[in-house]
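Colleague: I would like to learn how to read the features of this model one at a time, with the general idea before the case at hand.

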Number of protein chains: 2
Amino acid sequence: MSTLTLPPVVDLHDAALTGRLQHAIDNKTKPLGALGRLEALALRIGTILDSEAPRLAQPQMLVCAADHGLAARGVSAYPGDVTWQMVETFLAGGAAVSVLARQHGLALTVVDCGVRRDFTPRDGLVVRKVAQGTADASTGPAMSAAQCAEAVANGMAIVRELPGNALLLGEMGIGNSSVAAMLLARLVGHDIEACTGAGTGLDAEGRARKARVLRDVLALHADAAAPLDALAAFGGFEVATLVGAVLQAAEERRVIVVDGFIASAAVLVAQALRPQVVQRCVAAHVSAEPGHALLLAHLGLDPLLHLDLRLGEGSGAALAWPLLESACAVLRDMASFEAAGVARKDAP
Amino acid sequence: MSTLTLPPVVDLHDAALTGRLQHAIDNKTKPLGALGRLEALALRIGTILDSEAPRLAQPQMLVCAADHGLAARGVSAYPGDVTWQMVETFLAGGAAVSVLARQHGLALTVVDCGVRRDFTPRDGLVVRKVAQGTADASTGPAMSAAQCAEAVANGMAIVRELPGNALLLGEMGIGNSSVAAMLLARLVGHDIEACTGAGTGLDAEGRARKARVLRDVLALHADAAAPLDALAAFGGFEVATLVGAVLQAAEERRVIVVDGFIASAAVLVAQALRPQVVQRCVAAHVSAEPGHALLLAHLGLDPLLHLDLRLGEGSGAALAWPLLESACAVLRDMASFEAAGVARKDAP
C-alpha cells in the first residue's frame, strides 16, 4: 500500500473573470438580477470552466456503492441485501437514478466500492472493491487506514479515466446516512441528535435508537478527529471513494454536482482536506434528512431544489442537472441589450 | 360581438385512478415517499392525463404580450417600448424564454394580444390584437366588457388550434405586475400594499408610489368585484387572453404549467370563473414578487422552484419543465420492487 497523495486544489478566485462574467450576465435582455439564483449558478459554472460561454460536456453520474458493518446494529429501515439488489437495479436501468440519467443524457457508472456480494461484469459497472463491506464501527474502526487510503485513491483513479467536465455524485449503501451523520457531528461539531434523520424511513423510535447507537460509536472513536481518521473510523468505502472522486474532479476543474446527505458528507471530508473543492461544487438540492441543511450551510452551498427528496442514488443531482444546462444556455445564448435593441431601465 | 361562452371544466377527482396511481408510485424501487414532492407531481400529472404511464406530448409555450395604459403612470421601472422590443427578441430567439424553450423542445408561440405597435408577420407570431394597448385604468376601465370578452375568446381559440397535452404560460407587458397586484387585491381581498412588488426593478420609493397609484385605481373601480369585471377594469389584453387559454386548456385536460405572478393572476381569474381549473395546474416556481406567494397559497398550488426569479416571459415555467418530464419518467419507467427483486422494508 503506497502512501496516499492528495491532489492540489487551487483557489479559483479571479476578479477579472468574475467581472467579465457579471458584466455578461447584467447585459442580457432582462432586468438586472431577474433570473435570480440562476444567475449565481451561471457565474459559478463560468468560473469553474473559466469561460463566458460555458458548455457542459459529457456529464458523468458516478454512483458509488458499498455495505456497512454498522447496518447490523439496526440503524436502517431496510435490510443490508438492498445494497446489492439496488446495484443490480441501477445496472438494469430500473432505478430512479437510471431513469433520470437516461432522461438527461448522463453517462451512468456504478462502482462496487465494497458491496458484500460479487457482481458479474458488465457495461457501466466498475469494480473497485476494497472489502466485502466495512467492519462494524460500533466495535472498532470501519476501515483500516490502508483501506481508507485505497478507497480514496480508487475514487481519484476512476475520475481520472472519465471524460467530460462535470461529475454528478451518487451513492448507495444501507446504513450510510449513519456514516454521514457521524462525519457531520465529528467534523463540524454538531450534536449527533441534530444530525440523525429517518434515513430510508425509520419511525421516531427507530430514529431515537439510531441516534443512541451513533452517540456510542462517536464516543468509541473519540480520538478520530482528523478528516481521514474520522472517515476510517465511521466508513464507508463508497463515501471514501467519493472523497477521492471529489478531490480529483476539483483538481481537474470539473463542475461537481452534489446530491444528498451522503454525497455531501463526502464533500465535507474533501473540503476538510482541500478547502477550495467547494468552489467547484453545486448543491443540487436539500433533502428531507435534517443533517443535510446543516451540512450545506457549513459548506456555504445554496441548494437549487427543495423537493423533500430522501432517496440518494444521485437522483437529486440528476433532477437539478437541467438547471445547470439552463444557466449555461442563458450565459451563452441570450442576447445583450445592445444586440437586441432593447431599451434599458434608464432609457427615456 | 357575440356573448362569451365559457367552457365547462369538470372535477377530475377519481378515487379509483388516485388509488391506482398511488399504488404504482408506492411500488417503485425506493423507500415510501422518498422522491418527495416529485411523487405528488407524478400523481397530479397522472390524474390530469388519466394515465398510470403519462407521456407529455408537444408542449406549447404560449407567450401573450400587450401594452397597458396604466404604464404611463410610472408604475414600472422600464419604458413601455420594451414590450414590443421584447416581442421582437422572443421571435429572434434571444430572450430567456426563447433560449429555455429551445433547450427543452417547447414550441414557442408569441401572441400580440394588444401591443402598441404592429409586427411584420412571421413564424411563431400570432396576431390577436384587441387594441393598441389598454386604456389607462387610472381614468376609466382598461378594457370595455366587449374587449375583455374578445381577448378571453382569443385565448380559447388559440389553444384550440395548438397540438399537444401541455400548455406553459408566459407573458410580456410593461406594467402588468400592477394588473396582477390589483386582481389579487380585488379577487382575494389582500391589501394592495402586500400585493405590490418591485416588478422589473423599482426601488423602495418607486414601489411605494406604485402602491399609491394602484390603491387609487382600485378605489376608482370599487364596484368591479366579479372576475370578468375586475379583469376589464384593470386589464390587460395579455392577461385576458391567458384567462381564455387556461379555461380552454383545462376543458381539454391539458397540463397547465403556471409561470410567475402575472400568469398566476390569469389562473386566479380563470379559477374564480371555473374553480376546477386549478386541478390541471402545476406551479413552476414562486417568484421574488411578494404577491406571488400569496396568490399561489390562495390557489392551493405548491411551487416546484424557489429561485427568486422575477422575469416572467414563461422563463420559470420553462425552467421547471424537466421536473414534469422526470415525474412522468419515474411513473412510466422505474421498476417495481417485485419486478426488480428488491427486498421491502418489512423483509427479513
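Modeller: Let us begin with aromatic pairs: rings of Phe, Tyr and Trp (its six-membered ring) pair if their centres lie within 6.5 Å, and planes under 30 degrees apart count as stacked, over 60 as edge-to-face and the rest as tilted. With that rule, a search of the whole structure over all chains finds zero aromatic pairs. Please keep in mind that this is a predicted model, in which local features need pLDDT of at least 70 and side-chain atom pairs count only at pLDDT 80 or more, while totals for chains, interfaces and linings use all residues. Residues are numbered from 1 along each chain as its sequence is written, chains are lettered from A and ligands numbered from 1 in the order in which they are written, and side-chain values use heavy atoms, with hydrogens and water left out.

Colleague: Which residue lies over the face of A:W84?

Modeller: A charge sits over a ring if NZ of Lys or CZ of Arg is within 6 Å of the ring centre and within 35 degrees of the ring normal. Here A:R117 lies over A:W84, at 3.6 Å from the ring centre, and in chain B the residue B:R117 lies over the face of B:W84, also at 3.6 Å.

Colleague: How should I read the relation between the two chains?

Modeller: Two copies of a chain are related by a rotation about an axis and a shift along it. When the copies are superposed by least squares on the C-alpha atoms of residues with pLDDT of at least 70 in both, a rotation of 180° with 0.0 Å of shift along its axis brings chain B onto chain A, with an RMSD of 0.0 Å. The two copies are therefore related as by a two-fold rotation axis. The same surface serves both copies, since 100% of the contact residues of chain B recur in chain A, where contact means heavy atoms within 4.5 Å.

Colleague: How many residues of chain B are in contact with chain A, and what area do the chains bury between them?

Modeller: The size of an interface is often given as the accessible area lost when the parts come together. In this model 56 residues of chain B contact 56 residues of chain A, and the two chains bury about 4400 Å² between them, 64% of it on carbon and sulfur atoms (accessible area with a 1.4 Å probe, summed over both parts). Across this interface the rule finds zero salt bridges, a salt bridge being a side-chain nitrogen of Lys or Arg within 4 Å of a carboxyl oxygen of Asp or Glu.

Colleague: Which peptide bond of chain A is cis?

Modeller: Most residues other than glycine have a negative phi, and most peptide bonds are trans. A cis peptide bond joins A:G235 and A:G236, with omega about -10°, and the bond from B:G235 to B:G236 is cis too, with omega near -10°. As for phi, B:Q58 has a positive value of about 45° although it is not a glycine.
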